[in-house]
Amino acid sequence: MGLGNCPECGKLYLENTALLCPDCYRKQEADAEKVIEYLKDVDKATLEEIHQATGVKHKIILRLIRSGRIIGNSISYPCESCGTLIDEGRLCEKCSKNILDQLKPDERPPEQQPLTKIRSRMYGREPD
Ligand SMILES: [Zn+2]
Ligand SMILES: [Zn+2]
(Lines give C-alpha, C1' and ligand atoms only; values in the text may rest on other atoms or scores of the structure.)
(Ligands and ions follow the chains in the order given, each with its own letter.)
Protein backbone atom coordinates (compact mmCIF):
# COMPACT_ATOMS: atom_id res chain seq x y z
CA MET A 1 0.00 0.00 0.00
CA GLY A 2 1.18 3.48 -0.82
CA LEU A 3 0.48 6.36 -3.11
CA GLY A 4 -0.56 5.54 -6.62
CA ASN A 5 -2.25 7.10 -9.60
CA CYS A 6 -5.90 6.30 -9.96
CA PRO A 7 -6.26 4.20 -13.13
CA GLU A 8 -9.53 5.96 -13.84
CA CYS A 9 -8.80 9.69 -13.47
CA GLY A 10 -5.03 9.69 -12.95
CA LYS A 11 -5.22 11.52 -9.64
CA LEU A 12 -2.78 10.63 -6.89
CA TYR A 13 -4.51 8.63 -4.18
CA LEU A 14 -3.74 6.39 -1.26
CA GLU A 15 -3.90 2.85 -2.63
CA ASN A 16 -6.76 0.75 -1.36
CA THR A 17 -8.36 -2.60 -2.15
CA ALA A 18 -10.68 -1.01 -4.71
CA LEU A 19 -7.62 0.24 -6.62
CA LEU A 20 -9.45 3.46 -7.37
CA CYS A 21 -9.42 6.88 -5.80
CA PRO A 22 -12.41 7.55 -3.48
CA ASP A 23 -14.19 9.69 -6.09
CA CYS A 24 -13.93 7.10 -8.82
CA TYR A 25 -14.80 4.37 -6.36
CA ARG A 26 -18.04 6.15 -5.47
CA LYS A 27 -18.79 6.59 -9.14
CA GLN A 28 -18.08 2.94 -9.82
CA GLU A 29 -20.39 1.93 -6.99
CA ALA A 30 -23.17 4.05 -8.48
CA ASP A 31 -22.53 2.47 -11.87
CA ALA A 32 -22.52 -0.98 -10.31
CA GLU A 33 -25.95 -0.31 -8.83
CA LYS A 34 -27.25 0.65 -12.26
CA VAL A 35 -25.86 -2.49 -13.86
CA ILE A 36 -27.14 -4.75 -11.08
CA GLU A 37 -30.58 -3.12 -11.34
CA TYR A 38 -30.63 -3.63 -15.08
CA LEU A 39 -29.57 -7.26 -14.81
CA LYS A 40 -32.46 -8.00 -12.47
CA ASP A 41 -34.81 -7.51 -15.39
CA VAL A 42 -32.97 -9.55 -18.00
CA ASP A 43 -31.84 -13.15 -18.17
CA LYS A 44 -29.03 -12.61 -20.54
CA ALA A 45 -27.19 -9.58 -21.80
CA THR A 46 -24.12 -8.71 -23.74
CA LEU A 47 -21.64 -6.12 -22.57
CA GLU A 48 -22.90 -3.83 -25.32
CA GLU A 49 -26.53 -4.20 -24.25
CA ILE A 50 -25.66 -3.36 -20.66
CA HIS A 51 -23.70 -0.36 -21.84
CA GLN A 52 -26.56 0.86 -24.04
CA ALA A 53 -29.14 0.39 -21.31
CA THR A 54 -27.22 1.87 -18.39
CA GLY A 55 -24.69 4.19 -20.01
CA VAL A 56 -21.97 2.62 -17.88
CA LYS A 57 -18.57 2.41 -19.55
CA HIS A 58 -17.46 -0.97 -20.96
CA LYS A 59 -14.33 -0.75 -18.86
CA ILE A 60 -16.32 -0.46 -15.66
CA ILE A 61 -18.72 -3.25 -16.58
CA LEU A 62 -15.76 -5.50 -17.32
CA ARG A 63 -14.18 -4.59 -14.02
CA LEU A 64 -17.40 -5.50 -12.24
CA ILE A 65 -17.54 -8.84 -14.03
CA ARG A 66 -13.92 -9.61 -13.19
CA SER A 67 -14.23 -8.62 -9.58
CA GLY A 68 -17.20 -11.00 -9.33
CA ARG A 69 -19.71 -8.25 -8.57
CA ILE A 70 -22.13 -9.16 -11.32
CA ILE A 71 -21.52 -12.84 -11.72
CA GLY A 72 -24.43 -15.26 -11.73
CA ASN A 73 -26.01 -13.57 -14.70
CA SER A 74 -25.33 -14.64 -18.22
CA ILE A 75 -23.32 -11.77 -19.52
CA SER A 76 -21.43 -12.02 -22.74
CA TYR A 77 -18.40 -9.84 -23.20
CA PRO A 78 -15.59 -9.83 -25.71
CA CYS A 79 -12.47 -11.97 -25.38
CA GLU A 80 -9.54 -9.67 -24.55
CA SER A 81 -7.57 -11.01 -27.44
CA CYS A 82 -9.90 -11.55 -30.40
CA GLY A 83 -13.24 -10.06 -29.38
CA THR A 84 -15.28 -13.27 -29.54
CA LEU A 85 -18.13 -13.08 -27.03
CA ILE A 86 -17.44 -15.15 -23.93
CA ASP A 87 -19.10 -15.45 -20.55
CA GLU A 88 -16.28 -16.45 -18.27
CA GLY A 89 -12.59 -15.75 -17.84
CA ARG A 90 -10.77 -13.13 -19.87
CA LEU A 91 -10.09 -15.06 -23.04
CA CYS A 92 -12.10 -17.34 -25.29
CA GLU A 93 -11.18 -21.01 -25.43
CA LYS A 94 -9.20 -20.58 -28.62
CA CYS A 95 -7.07 -17.75 -27.27
CA SER A 96 -6.45 -19.47 -23.93
CA LYS A 97 -5.23 -22.47 -25.88
CA ASN A 98 -3.03 -20.30 -28.10
CA ILE A 99 -1.43 -18.78 -25.04
CA LEU A 100 -0.77 -22.20 -23.55
CA ASP A 101 0.78 -23.31 -26.83
CA GLN A 102 3.03 -20.26 -26.86
CA LEU A 103 4.19 -21.00 -23.34
CA LYS A 104 5.24 -24.54 -24.11
CA PRO A 105 8.66 -23.98 -25.72
CA ASP A 106 9.89 -22.20 -22.59
CA GLU A 107 8.82 -25.03 -20.38
CA ARG A 108 10.67 -27.63 -22.39
CA PRO A 109 13.94 -28.73 -20.81
CA PRO A 110 17.07 -27.64 -22.69
CA GLU A 111 17.93 -30.02 -25.47
CA GLN A 112 20.00 -32.89 -24.19
CA GLN A 113 23.13 -33.92 -25.97
CA PRO A 114 22.88 -37.49 -27.09
CA LEU A 115 25.21 -39.58 -24.93
CA THR A 116 26.96 -41.22 -27.87
CA LYS A 117 28.10 -37.87 -29.23
CA ILE A 118 29.60 -36.88 -25.89
CA ARG A 119 31.41 -40.22 -25.64
CA SER A 120 32.85 -39.95 -29.14
CA ARG A 121 34.20 -36.54 -28.27
CA MET A 122 35.74 -37.85 -25.04
CA TYR A 123 37.53 -40.75 -26.70
CA GLY A 124 38.18 -39.04 -30.00
CA ARG A 125 36.54 -41.78 -32.01
CA GLU A 126 33.14 -42.85 -33.19
CA PRO A 127 31.35 -45.16 -30.78
CA ASP A 128 30.80 -48.80 -31.80
ZN1 LIG B 1 -9.95 8.50 -9.72
ZN1 LIG C 1 -10.26 -15.00 -28.27
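What follows is a short talk about the labels given to parts of this structure.

Tutor: Keep in mind that this is a predicted model. The protein chain comes to five helices and five strands.

Student: What is the order of the elements from the N terminus on?

Tutor: The elements run β-β-α-β-α-α-β-β-α-α.

Student: How much of the protein chain counts as buried?

Tutor: Of its 128 residues, 24% do. The accessible surface comes to about 9,500 Å². Carbon and sulfur atoms hold 52% of that surface.

Student: Now the helices. Why are α1 and α2 called roughly perpendicular to each other?

Tutor: Start with the angle. Helix α1 covers residues 22-40 and helix α2 covers residues 47-54. They pack at an angle of about 110°. Angles of 65 to 115 degrees count as roughly perpendicular. The angle of α1 and α2 falls in that range, so the label is roughly perpendicular.

Student: What else describes the pair?

Tutor: Two packed helices are described by the angle between their axes and also by the distance between the axes. Here the axes of α1 and α2 are 10 Å apart.

Student: Is the crossing of α1 and α2 left-handed or right-handed?

Tutor: The crossing is right-handed.

Student: Which residues of α1 and α2 meet?

Tutor: From α1 come Lys34, Val35, Tyr38 and Leu39. From α2 come Glu49, Ile50, Ala53 and Thr54. This contact divides into five nonpolar residues, one polar and two charged.

Student: What makes serine 76 buried?

Tutor: The cut-off for buried is under 20% relative accessible area. Serine 76 has 12%, so serine 76 is buried.

Student: Where is serine 76 found, and what is it in contact with?

Tutor: Serine 76 is in strand β4, residues 74-78. Leave aside the neighbours within four places in sequence. Then serine 76 is in contact with Lys44, Ala45, Thr46, Leu47, Leu85 and Ile86.

Student: Where does glycine 55 lie?

Tutor: Glycine 55 lies in the loop between α2 and α3, and α3 spans 58-66.

Student: How far apart are the C-alpha atoms of glycine 55 and aspartate 31?

Tutor: They are separated by 8.6 Å. Along the chain, glycine 55 and aspartate 31 are 24 residues apart.

How values were computed
Residues are numbered from 1 along each chain as its sequence is written. Chains are lettered from A and ligands numbered from 1 in the order in which they are written. This is a predicted model: local features need pLDDT of at least 70, side-chain atom pairs count only at pLDDT 80 or more; totals for chains, interfaces and linings use all residues. Side-chain values use heavy atoms; hydrogens and water are left out. Axes are lines fitted to C-alpha atoms, for helices over the stretch in contact, and angles run from 0 to 180 degrees between N-to-C directions. Helices (H or I, at least four residues) and strands (E, at least two) are DSSP runs, numbered from the N terminus. Angles under 35 degrees count as roughly parallel, over 145 as roughly antiparallel, 65 to 115 as roughly perpendicular and the rest as oblique. A crossing is left-handed if the near helix is turned anticlockwise from the far one by less than a right angle, and right-handed if clockwise. Contact means heavy atoms within 4.5 Å. Ala, Val, Leu, Ile, Met, Phe, Trp, Tyr, Cys and Pro count as nonpolar, Asp, Glu, Lys and Arg as charged, and the others, Gly among them, as polar. Buried means under 20% relative accessible area, exposed over 50%, partly exposed in between (1.4 Å probe, protein chains only). Accessible areas come from the Shrake-Rupley method with a 1.4 Å probe; for residues, only the protein chains shown count as cover.
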